[in-house]
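Welcome! Have the sequence and the 3D view open, and let's walk through a few features together.

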Amino acid sequence: HFPEEEGVSVERIWQLVPDTADRPGLVWAGTQPSALWRSTDGGVTFELVRGLWDHPHRAEWGAGAGGQAIHTILPHPSDDSMLVAMSAGGVYRSPDAGATWAPSNTGISAYFMPDPMPEFGQCVHKVARHPERPEQLFVQNHRGVYRSDDGGETWRSIAAGLPADFGFPMVTHPHSPGTIFNFPLVSDGERFPPEGRARVWRSRDAGDTWEELGKGLPDVYYGAVLRDAMCVDDADPAGVYVGTRDGVVYASRDEGDSWGEVARHLPDVLC
């Protein structure tokens with residue numbers, strides 16, 4: 001819980017992330033309102049990360065449609081740096097395990113703001129990276145799909161080739177650096193796939209080109225896939241899984257080439 005003098009309460013826990021294998025007791029949590037928490041005892045107790053909570057930008061962080069939350073936490077696999085993303089505030093990086101923080105959104109658009117390329121305030125939906133190529137990161141933004149090759153310092157668009165640049169999930173392949181998966185939606189006002197067809201899009205070259213994957217997915221679909229409702233396993237070939245807002249789960253045993261329905265009539269699949 002927050003210190004009493006802060007006058008706020010934890011509304012939701014959006015993300016729980018264990019740190020690297022070298023730090024087995026270290027666990028991070030991201031909450032709504034946008035705060036980062038650290039546990040050094042495997043999640044038994046948590047403390048507020050003051051370096052981010054006390055950042056001078058915090059008073060200006062906004063809230064996305066789902067609330068103001070830290071939903072992505074990416075500890076670096078081999079050093080003390082880490083990255084978080086929030087809606088709405090954008091990407092922030094720390095070089096020192098959370099002690100200090102700086103915004104890191106150069107190249108990411110916030111079309112809904114007076115300055116469409118601000119230092120912070122972007123509504124980032126998800127960030128992903130491959131542990132074997134930790135300086136390469138991928139973002140699904142609130143309109144915009146981006147890649148960074150310098151650890152998040154700068155970003156460039158990789159939306160060319162996708163049918164739309166709006167969406168929520170961004171997933172990296174477990175074995176193949178540069179292979180990523182995405183589920184585009186028409187726009188922020190039309191949250192369903194282009195042409196009403198459920199399709200996963202895959203890139204094998206870090207977003208330079210994209211291919212449409214739809215074998216076994218419905219050709220008539222007017223729902224959405226949310227930011228944590230797509231994932232991969234570590235099998236070989238990798239399994240890919242998609243959960244929808246109308247309570248259906250689809251699975252692929254062959255890295256997205258073909259799909260089958262494995263569950264239905266669930267509530268919204270959030271994770």
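## Strands, rings and a surface patch

Strands E18 and E19 (residues 249-252) pair in the antiparallel sense, over 4 bridges. Keep in mind that this is a predicted model. Here is a short tour by topic.

**Paired strands**
- A hairpin is formed by E18 and E19, with 5 residues between them.
- Look for glycine 247 in that turn, where phi is positive at about 80°.
- E18 (residues 240-243) also pairs with strand E17 (residues 230-232), in the antiparallel sense over 3 bridges.
- Methionine 230 has valine 242 in E18 as its bridge partner.

**Aromatic rings**
- You can find 6 aromatic pairs in the structure.
- One of them joins tyrosine 111 and phenylalanine 112 edge-to-face, at 5.4 Å centre to centre and with 80° between the planes.
- Phenylalanine 166 and phenylalanine 168 also make an edge-to-face pair, with 5.5 Å centre to centre and 80° between the planes.
- Phenylalanine 166 counts as buried because its relative accessible area is 0%, and phenylalanine 168 is buried at 7%.
- Phe2, Trp37 and Trp53 are linked into a cluster by ring pairs.

**Arginines over rings**
- Arginine 58 lies over the face of tryptophan 53, 3.6 Å from the ring centre.
- Arginine 143 lies over the face of tyrosine 111, 3.9 Å from the ring centre.

- Isoleucine 13 sits in strand E1 (residues 12-18) and counts as exposed because its relative accessibility is 57%.

Notes. Residues numbered from 1 in each chain as written. Predicted model: local features only at pLDDT ≥ 70, side-chain atom pairs only at ≥ 80, totals over all residues. Heavy atoms only, no water. Helix = DSSP H or I, 4+ residues; strand = E, 2+ residues; numbered from the N terminus. Buried < 20%, exposed > 50% of the residue type's maximum accessible area, 1.4 Å probe, protein only. Pairing = 2+ DSSP bridges. Phe/Tyr/Trp six-rings, centres within 6.5 Å; stacked < 30°, edge-to-face > 60°. Lys NZ or Arg CZ within 6 Å of the ring centre and 35° of its normal.
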